[in-house]
Amino acid sequence: MMSTPTCRSRFRRRWAMRSRVGLACVGLVGLLAAGCSSASQDSAAQNKPANPKDLVLVQSIRSLSNPYHAEWAKGGEMFAASVGMPVQTLTDEGDSQRQLTQIKQVLASGKTVVLNADPNTTSDTQAIVRAVQDAGGFVVTQWNKPDGLTPAQVGNSWVAHIGFDGNTGGYQTAKALFGAMHNTGGIIALQGILDDVPAKERFNGLQKALTETPGVQMLDQQTAHWTRNEAFQVTQTLLAKHAGQVKGVWAANDDMALGAIEALRAVGLAGKTPIVGASDAVPEALQDIQAGDTGYVATVSTDAYWQGGAGLALAYQAATGKFNVATAAPGDRSFYGKEFLVTKENVADFIKTPTPADLAPDFANPLARNVGPLQ
């Protein structure tokens with residue numbers, strides 16, 4: 001008689017365990033099914049080319065008040081015109097949450113979104129890609145992405161990521177600056193957003209040049225968040241802090257360098273103190289380099305027109321089936337774009353605004369300036 005309750009208790013325990021295991025398995029299957037559903041939607045979108053009439057072309061950039069991004073926007077507009085379509089330009093003024101919200105609003109339109117994006121920081125890239133993937137769109141990102149994460153690992157919606165070797169640009173402009181200083185004296189450095197991959201790389205390039213040039217010392221460095229107004233204020237502060245010692249200024253981009261020139265001008269040092277911008281080659285910087293009267297020595301061009309136009313073209317070709325993301329080599333989905341050091345010797349080649357005809361070959365083959373897989 002005593003054995004009956006014991007057997008029943010064991011049966012109840014076994015039944016409860018099986019129930020819990022069964023529920024856990026159902027939950028796991030549900031998660032796997034959700035993951036497979038997302039992946040299959042991503043794959044299906046790629047295998048079935050979209051009708052251009054069902055597409056929305058979009059570019060997401062920081063600000064049209066930044067000359068570099070203004071040129072990016074114009075490049076995107078040139079490509080859109082080449083395929084007879086409009087393009088929406090989203091500007092977030094450096095606000096990451098605003099950028100993601102804007103992109104999600106466009107994705108909610110019900111049409112297939114073709115996006116060329118410049119994420120504000122490394123951590124923004126995943127959220128943007130995930131939103132596009134969930135909506136069945138296509139995105140090319142540039143500049144910022146997490147280390148070790150590649151489009152091929154994520155899915156076909158993330159068409160490609162285009163980076164630029166900021167180490168080289170930071171190093172080359174630093175060496176040009178030091179040469180103008182006769183390789184002696186103190187400098188100040190203006191950094192970009194510290195979480196940005198290009199900001200980190202360009203500053204690394206500067207530091208490498210410093211190790212090779214013992215006659216030059218870095219007096220101070222501070223972020224100016226890529227902006228001209230903040231660079232003006234930071235430079236004013238650092239010039240006062242290191243009065244009489246600043247013999248050169250290195251900035252991580254042209255907009256900050258142009259702000260620094262205004263600060264130098266305010267104390268009578270413009271034209272007497274060499275300065276460089278490690279990226280962007282904006283018109284005003286190129287004009288200063290050509291004129292030779294503000295102390296502007298060098299910059300680096302990634303060709304913002306190409307970034308805007310070719311980046312959008314690559315995403316469009318993926319959406320319409322011309323570029324097969326599923327079978328593309330990893331090196332065509334995560335790669336370095338071509339860069340050019342610009343000095344007084346070659347500035348005339350870069351100061352002209354490209355025409356749609358100039359960029360037509362790059363729109364037809366947006367991978368033409370792929371100079372190697374992203375490391």
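I began at Asn66, which caps the N-terminal end of α2, with a side-chain oxygen 2.8 Å from the backbone nitrogen of Tyr68. Helices here are DSSP runs of H or I with at least four residues, strands are runs of E with at least two, and both are numbered from the N terminus. I noted that this is a predicted model, in which local features need pLDDT of at least 70, side-chain atom pairs count only at pLDDT 80 or more, and totals for chains, interfaces and linings use all residues. Residues are numbered from 1 along each chain as its sequence is written, and side-chain values use heavy atoms, without hydrogens and water.

I then looked up the length of α2 (residues 67-82). Just after α2, I found Gly84 with a positive phi of about 70°.

Next I traced the sheet. It is open, with 7 strands in the order β2-β1-β3-β4-β5-β11-β13 and mixed pairing; strands pair if DSSP finds at least two bridges between them. β2 (87-91) and β13 (370-373) stand at the edges, each with a single partner strand, so one side of each is left without a neighbour in the sheet.

I also checked one pair within the sheet. β1 (residues 55-61) and β3 (residues 112-117) pair in the parallel sense over 6 bridges, and Val58 has Leu115 of β3 as its bridge partner.

Last, I located Phe323 in the loop between α11 (304-320) and β11 (334-337). Its C-alpha is 9.9 Å from that of Pro49, although 274 residues separate the two in sequence.

Technical notes: Polar contact = N/O pair within 3.5 Å; in protein donor to acceptor, adjacent residues only side chain to side chain.
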